[in-house]
Each structure stands twice: as C-alpha cells, then as structure tokens.
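Here is a short report on one protein. Look through the sequence and the model, then read on.

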Amino acid sequence: MGFKYKGNVKKLFVIIFGLIFLFGMFVAVKTVHGVEEGELKDARFLYQLFTGSQIKVEKMALQHSNFLKGNQSLANVLSMKAKLEKTFSLSLQEITDAQQREHLIKFQGQKQLSDGQMIRLVWGGERERVTSNEFLYKTFIVVEMIGQVKEEQQLEINFKQLFELLRSAGIQPVINVSLKGVYPARMDVTTQKSFISSLLNKFNGTVVEGIWGKSSASVTGYSEKLSRFVSSKEKKVNVQINTHMNSNGEQTIVFIGFPIVIMD
C-alpha cells in the first residue's frame, strides 16, 4: 500500500482519510517501548538500514493519523480547529464537498517550512445524528511532515519537531515513518525479492505477505525489533518494503515504511 503526493492535495487527503477508517475499523495498535523513544529509534534504524545497504535516501514522510474523540459538538470541532491553526501556524480551510456534507466536516491546510520540509494537516469530524435536530462529531486528524532528508540528524530533528507540535496540541503522538531511496543498479524482480529478504534479515524480519509484479515487488513483514505493530486478521505487521525500477531502468527505487509505506 502506498499513497502518492503528486497531483491534487484534496484528493490526497481523501485517500489518507480512508486510511484512518481502515486503521480505526480493522487494526489494533500495540506499543512495546515508550512512544517517543521507541519510534525515534525505529526511524533511525530504518535510515541506517538504507544507508548500510547502498541505498541513497531521497525523501521522508512522517505521519500521525487517528480518530480522537467522539460526541463532540460543532463548537468543539471549531475550537480545536483554532487551536491547531495556532499550534501549527497555518490556516485550515474547509474542503467538505456536497456529497460528504451529510456525513462529515473536513478542513485542510499546509505550510512550507524554512528547511524545505512541508507540513500538511487535515482536521474534521464524522457526523453522527443524536436527535432529529442535533448532530455530534467523532473527530479525526491527519498530520504529515514530508520533504528531502540528506542525513540522519535531519530525520531526528523532523521527528522531534512533529512530536512536540502534536503534544502541544494535546494529541498523543504516534508517528508513522516512510523513506524513499535509490539503489544504484538495475534489479529484476527476482533480484528485488532477494534484496528485500536481505533487508528483512538484518532485523530478523519475517514476510507476512508478498506481491510480485513483472518489474516491482511489495512485501509486508513483522519484526520484534520494532517498537510497534498493527494487527489485522490476526497477523502482526510493522514494516513494508516496496521496490521498482526507475523510469530509465538503470536504478531501483526502494521504499520502506513503519508500519506501512505512506508515500509513492
């Protein structure tokens, strides 16, 4: 599974909003270590795994997505919107379309940071009828920090910045991490499969599910060395690795995500 950052931003967040429902309906999240300590350690490990495997890291995405509270009035939704705007120093504009309006309210905003990173945020609520004249909302949030990352220190700075912003907004941070990198050689799908296995072996990871195409591969796996996992259909998952050849067929693009890949 992966989500593109190209194209219409509104479409992007509609897709990611679907991810929140997926996690909310089917997935239980388990944490092994302290959240900040464990997840930052995981992020560093993934970066080191890439650089130690001749993969040049090009891009990172850090994301928090979750349902927050149920039975919230519209006034409470708007009050939290104002708090998020102040905390993240951005403006949230309503993007609820006509077809969605009976079921939810949704706002989005984004901000370019001085170091070339970007923060994108969606805030809103799933609408639930209480009486014939009254509605309450189950609130949700998606926050992403995306951009180039040239060294491990930059990843750590970005992680801590997003963690503190979420905490300042009164949200318990649980941060998903994805990296995109380039391996400087062509790999056919058989070689990609072997390469993914070698990456998993470096942290005692096991394959949960694999999908093999003509020139691409995607594997979800599990490792006890990572601090958190998601459960679906009684299977533990906390890492995803995707590979495919680049447009000229001379290099191999590699994605890794904890617990899943959230970018293409």
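Which residues does serine 223 touch, not counting residues up to four places away in sequence? Serine 223 touches Phe203, Asn204, Gly205 and Asn238. Contact here means heavy atoms within 4.5 Å. Serine 223 sits in the loop between β9 (216-222) and β10 (228-232). Its relative accessible area is 1%, so serine 223 is buried. Buried means under 20% relative accessible area, exposed over 50%, and partly exposed in between (1.4 Å probe, protein chains only).

This is a predicted model, in which local features need pLDDT of at least 70, side-chain atom pairs count only at pLDDT 80 or more, and totals for chains, interfaces and linings use all residues. Residues are numbered from 1 along each chain as its sequence is written, and side-chain values use heavy atoms, with hydrogens and water left out.

**The whole protein**

The protein has five helices and 13 strands. Helices (H or I, at least four residues) and strands (E, at least two) are DSSP runs, numbered from the N terminus. Of the 264 residues, 50% are buried. Take the contacts with a separation of 6 or more: residues 24 or more positions apart account for 64% of them.

**Strand β2 and its partners**

Two strands pair if DSSP finds at least two bridges between them. Strand β2 (residues 56-67) runs antiparallel to strand β7 (residues 176-183), with seven bridges joining them. In this pairing, lysine 59 stands opposite lysine 180 in β7. Strand β6 (residues 134-148) is also antiparallel to β2, and nine bridges join the two. Asparagine 66 stands opposite isoleucine 141 in β6.

**Salt bridges**

Side chains of opposite charge can pair when their charged atoms come close. A salt bridge is a side-chain nitrogen of Lys or Arg within 4 Å of a carboxyl oxygen of Asp or Glu. By this rule there are six salt bridges.

Arginine 167 and glutamate 164 both lie in helix α4 (residues 152-168), three residues apart, about one turn of the helix. Arginine 167 has a relative accessible area of 44%, so it is partly exposed. Glutamate 164, at 34%, is partly exposed.
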